[in-house]
Number of protein chains: 2
Amino acid sequence: MTEDRKDRDASLPLPPDVEESLCRSGGIAGLVEQLPDDAALTRESTVHRALADPFRLKILAMLSVQPLCVCVIKAVLAIADSKLSYHLSVLKTAGLIAGDQQGNWIIYRLTEDGAMWAARPGNGPRQEG
Amino acid sequence: MTEDRKDRDASLPLPPDVEESLCRSGGIAGLVEQLPDDAALTRESTVHRALADPFRLKILAMLSVQPLCVCVIKAVLAIADSKLSYHLSVLKTAGLIAGDQQGNWIIYRLTEDGAMWAARPGNGPRQEG
DNA sequence: ACTGTATTTCAAATAATGTTGAAACACCAT
DNA sequence: ATGGTGTTTCAACATTATTTGAAATACAGT
């Protein structure tokens, strides 16, 4: 399929170390083949963006303990309703949490994805090292 | 130390399910104790922010194969020099990559942290399922 | 229907991040 | 020193994310 794997490096001058190991990787074409496709990268960057905020990480950590209604989360975070709602919507849109209505309340819980991202090195209770 | 663990939930009305399991978690105070501290959350959100971009994830994936000079990364990403430099600086600032000068080139590689974050579910080569 | 509580939505203001092209810097070879 | 190549920095601009307070929605009890 790819006709000229190694030839493509020939077009640009490289430091010796890189040239050698790149050659072993199958040249630039070989390197590219080992990368995730763009859709996967976009999907993953979306999750990271959703996790790129301390409030949201804290929400995830809380839900990691147990499902909670908004009012408890609000009591812990001590932020305005609308602000909390915004952060919840970011997490929900990213597919990390889901809310189930129960009477007057909405109880949020981790989704399968959310649980996967919450259970991660550096996410243990309290400081890590 | 914490004098009134369970009393604090008494102040706010909760859905029965949440109230019960929250009680088992030691009330709101008990829940809070299980959360990472703010410094840890901030630190982690910083890493996620650095990973919240497809270009940067692709760079990380590339360096996960082998160390590379900027010109090779540029050839794969096909973006302007200054743009690439910006994204490299974000990753470098987050402590995920480091650059070693070698003659005219700068060769970037994953740091220990970078390798840890690059080796992650959903980061395998090509689509995941 | 009406009230009260829990939560979300909206639009406007602010802040943070990403992009661009030009200029600067660092290094090697001459 | 000069010139060429690889890479970064800068400032202006464009885009996107976050915060805020007010208004809206949804539900339960009366």
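Predicted model: local features only at pLDDT ≥ 70, side-chain atom pairs only at ≥ 80, totals over all residues.
A polar contact is here a pair of N or O atoms within 3.5 Å, and by that rule a polar backbone atom of Val70(B), 3.1 Å from a phosphate oxygen of DNA strand D, makes such a contact.

**Relation of the two chains**

Two copies of a chain are related by a rotation about an axis and a shift along it.

**The interface of chain A and chain B**

The contact draws 55 residues from chain A and 55 residues from chain B. Because 100% of the interface residues of chain A are also interface residues in chain B, the copies meet through the same surface. The size of an interface is often given as the accessible area lost when the parts come together. For chain A and chain B the buried area is about 5,100 Å², and carbon and sulfur atoms give 66% of that area.

Across this interface, 11 residue pairs are in polar contact, with both residues at pLDDT 80 or more. On chain A, the elements that each supply at least two residues to the side touching chain B are α2 (16–24), α3 (27–33), α4 (38–50), α5 (54–65), β1 (68–69), α6 and β3. Of the elements on that side, α4(A) gives the most, with eight residues. By class, the residues of the side of chain A that touches chain B divide into 31 nonpolar, 12 polar and 12 charged.

Side chains of opposite charge can pair when their charged atoms come close. Over all chains the count comes to eight salt bridges, while the count between chain A and chain B is two. In one salt bridge, Asp38(B) is paired with Lys58(A), and their closest N and O atoms are 3.2 Å apart. In another, Lys58(B) is paired with Asp38(A), with the closest N and O atoms 3.1 Å apart. Since Lys58(B) lies in helix α5 (residues 54–65) of chain B and Asp38(A) in helix α4 of chain A, this pair joins two chains.

Of the atoms of DNA strand C that come within 4 Å of the protein, sugar and phosphate account for 68%. DNA strand D is likewise surrounded by 21 residues, and the closest are Tyr86(A), His87(A), Cys71(B), Ser82(B) and Tyr108(B). For DNA strand D, sugar and phosphate make up 70% of the atoms that come within 4 Å of the protein.

| Residue | Part of the residue | DNA strand | Distance to a phosphate oxygen |
|---|---|---|---|
| Cys71(A) | backbone N or O atom | C | 2.8 Å |
| Ser85(A) | side-chain N or O atom | C | 3.1 Å |
| His87(B) | side-chain N or O atom | C | 2.7 Å |
| Ser85(B) | polar side-chain atom | D | 3.1 Å |
| Ile106(B) | polar backbone atom | D | 3.4 Å |

For DNA strand D, the elements that give two or more residues to the nearby surface are α7 of chain A together with α6 (70–77), α7 and β3 (105–110) of chain B. For DNA strand C, the elements that do so are α6 (70–77), α7 (81–93) and β3 (105–110) of chain A, together with α7 (81–93) of chain B. The surface near DNA strand C divides into nine nonpolar, eight polar and four charged residues, and the surface near DNA strand D has nine nonpolar, eight polar and four charged residues.

Notes: Residues numbered from 1 in each chain as written. Chains lettered and ligands numbered in written order. Heavy atoms only, no water. Near = heavy atom within 4 Å. Polar contact = N/O pair within 3.5 Å; in protein donor to acceptor, adjacent residues only side chain to side chain. Helix = DSSP H or I, 4+ residues; strand = E, 2+ residues; numbered from the N terminus. Nonpolar A, V, L, I, M, F, W, Y, C, P; charged D, E, K, R; others polar. Contact = heavy atoms within 4.5 Å. Buried area = accessible area lost by both parts, 1.4 Å probe. Salt bridge = Lys/Arg side-chain N within 4 Å of Asp/Glu carboxyl O.
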